[in-house]
Amino acid sequence: MDRRQFLMASATVCAGGVPNVNIKADDAKETKEFVGVLVDTTRCIGCRSCEVACSETHNNYVPEVTSDNALENIRDTSEKQFTVVNRYVTEKGEVFVKKQCLHCWQPACAAACLVNAMLKTKEGPVTWDGDKCMGCRFCMISCPFDIPKFEYSGWNPRIMKCNMCYERLQEGKKPACVESCPADALMFGQKRELMEIARHRVYSHPDKYVHHIYGENEAGGTGWLYLSAVPFNQIGFRTDLGTTPYPEYTREFLISIPLIEFGVPAFLLALNTLTDRKDELRKSDEWTESGVEK
Amino acid sequence: MSAAAIPSNELIRFAKFFLQELKPRGKWITPFNVISIPIILLGLVILYFRFTRGLGSVTNLSQQYPFGFWIGFDVMTGVALAGGAYVLCFVVYVLRLEKYHSVLKVTILNGLLAYIFYSGALVLDLGRPWHIVNPIIGNSFGYNSVLFLVAWHFLLYTGALFLEFSPTIAEWAHWEKLRKLLTSMTLGTVIVGITLSMLHQSGIGAMFLMAKPKIHPLWYSEYIPLLYFVSSIFGGLAMVIFEGTISAKVFSDLIGAKTHHSHEDIILGLGKGAAITMFVYYFFLAFIFMHGEKWKLLNGPWGYWYLVEVIGFVLIPCFMFAYGVRNRRFGVIRVAAIMTVLGVILNRQNVCLIAYNWYVPNKYYPSWQEIVVTLMVVFLEVWVFRWVVTRMSVFSKE
């Protein structure tokens, strides 16, 4: 190993050393003021006005609410509908649950996206940018709630999901679903305020609600919060997700990258020097040059 | 070497030479051509539909299974099995074990083509492939994303492999000065290449850290990156044995007698390396298993399936390698190599497809179009491989 080779190796390593900034997940407690929506499933009457309002706002498929009997089955959101209402039969009767993107505080989809097409906006909604997205679908793998949906038919597919009506929020309006709700089941506001309201309802009616607010800490906390009369696993929620924000899962790996990028080449160079035995020095020129041992 | 430094008549000479070399040699009607040409043509037709009518028109991908056979097999497995290139570079250039030099060039070529074709197959799977440059140029760098790391390291490592192989190309094109320059860069390139490989082999595993609630707990652990890295070592070694065996038969006229003879010695060494790394891997698996107290998960179909992978395709081939090396039973080593390759394929399919969303009722199976396109990619790679080895001095002639 001469100095030129060493410099060359180091220069190439530096070029390969992709800068790693911002990989630390934010502190354990939420401090920013993000907007969200509080869903009180005890108030929802299953009218599905929100589905219609959502689809009309986003030019999606508008369901025939009065005649399609969609509540007979448990549905998922799709590339054609950003929100659906499902009916669950529980020990306390029928419960209607609206499903859409939960707008996580530290979203898995945004942490997964290699081009920042999935973005946690500073207001709180998680949005998708079609000019950046390359359609790798890693956001779909990562999202613990299986929210991003992909348009498999069509040459120019999009990732489809609720963006909390980001355009409407910019104009100072509420999300379309919140505005359309006739039963006051949806409440729009800052998460901190919504948490207070939610806690107030739980404390005032301890017999009516389970003592848990879904979204307070799930997957690190979400913008959308849910109140329920029955345990959340009975109404289609995953209760095994834990409270770790998703960027945490790959944080240590990402931090180790620069360490490996600088440590391993040094180690390999050292090994290469150590294995350079005297008796081989004579022919070393030959074999590094021709690539074939003579 | 800048373009201006090359005289224009040299470029014309090379262009003529290249066109001359492009012409096929040997017989056209061979069993391989008869099988591969129709499949490649059919694959191209399928790709026409894929790019005009969307992924859904030819694949079985769904909202539950956004990664299918093209990612799970072509990219994930292809990259793991191309690990032989960085392992052998480590052995030959860093440890200076010159015994393996005669199989190095062909392994680097295999690695380079694997990265170009198999990770290149990623483009077929991307929904919006025209944005593929976004993570490389422009201002949309997702530093938070493991995939960002993997994308960059794929690209850089493919470049490193190309540099490692480039002296052979320069020799073929009769560019003596350039060959010397490129050869002098080899050690630096190799060291960078090994580092990049460590990071993206494990990075592919780290991608699945994000899918914690979706992967069956027998396959999920926070050590997936380590497991992916270690399995790429023995997967790569097994692939070198496997490919070497095939090349020794198919291209026997290109391989010199001395190399042919020393090949046995090389296989013994590679087999030994595979046995040791596989045992380390098995130890890691056992450690993770016991540390996670996963005993009760073994009871049931998923547990049995896990045992098939870990016992049948890790521990048994590991012992077969050890037995074969000890008793110089080359047949056993070759069977062990094939089982190991199958084991790595199985592991990647398990993490990416089979044990992914394991609780979903409608499972994913690749459509026949996905399989045809995968075969097309493999056959194209073999075509280019054959073209290169019959023209450049890849095999040792001694």
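## Close-up views of a predicted two-chain model

**View 1. B:Leu307 sits in helix H12 (residues 301-326) of chain B.** Helices (H or I, at least four residues) and strands (E, at least two) are DSSP runs, numbered from the N terminus. This is a predicted model, in which local features need pLDDT of at least 70, side-chain atom pairs count only at pLDDT 80 or more, and totals for chains, interfaces and linings use all residues. Residues are numbered from 1 along each chain as its sequence is written, while chains are lettered from A and ligands numbered from 1 in the order in which they are written. B:Leu307 counts as partly exposed because it has 13 C-beta neighbours inside 10 Å. For these classes, a residue is buried if 20 or more other C-beta atoms lie within 10 Å of its own, exposed if 12 or fewer, and partly exposed in between, with C-beta atoms placed from the backbone. B:Val332 is 25 residues from B:Leu307 along the chain, and their C-alpha atoms are separated by 22 Å.

**View 2. Helix H7 (residues 191-204) of chain A has 14 residues.** From first C-alpha to last, H7(A) reaches 20 Å, close to the 20 Å expected at 1.5 Å a residue. That expected span is 1.5 Å times one less than the number of residues. A:Lys191, A:Leu194 and A:Ala198 are the buried residues of H7(A). Seen down the axis of H7(A), they fall within an arc of 60°, so they line one face of the helix. The arc is that of the directions from the helix axis to the C-beta atoms. These buried residues pack against strand S1 (35-40), strand S8 (186-190) and strand S9 (224-227) of chain A. The face of H7(A) turned away from the buried side carries exposed A:Glu196, A:His200, A:Tyr203 and A:Ser204.

**View 3. S2(A) and S3(A) form a hairpin with two residues between them.** Strand S2 (residues 84-90) of chain A runs antiparallel to S3(A), joined by seven bridges. Strands pair if DSSP finds at least two bridges between them. A:Val89 has A:Glu94 in S3(A) as its bridge partner. Five of the seven residues of strand S3 (residues 93-99) of chain A are buried, so S3(A) is largely enclosed by the rest of the structure.

**View 4. Chain B meets chain A through 59 residues of chain B and 64 residues of chain A.** Contact requires C-beta atoms, placed from the backbone, within 7 Å. On the side of chain B that touches chain A, the elements giving two or more residues are helix H2 (31-53), helix H5 (101-117), helix H7 (146-172) and helix H9 (186-207) of chain B. H9(B) gives the largest share, 12 residues.

How values were computed
Contact = placed C-beta atoms within 7 Å.
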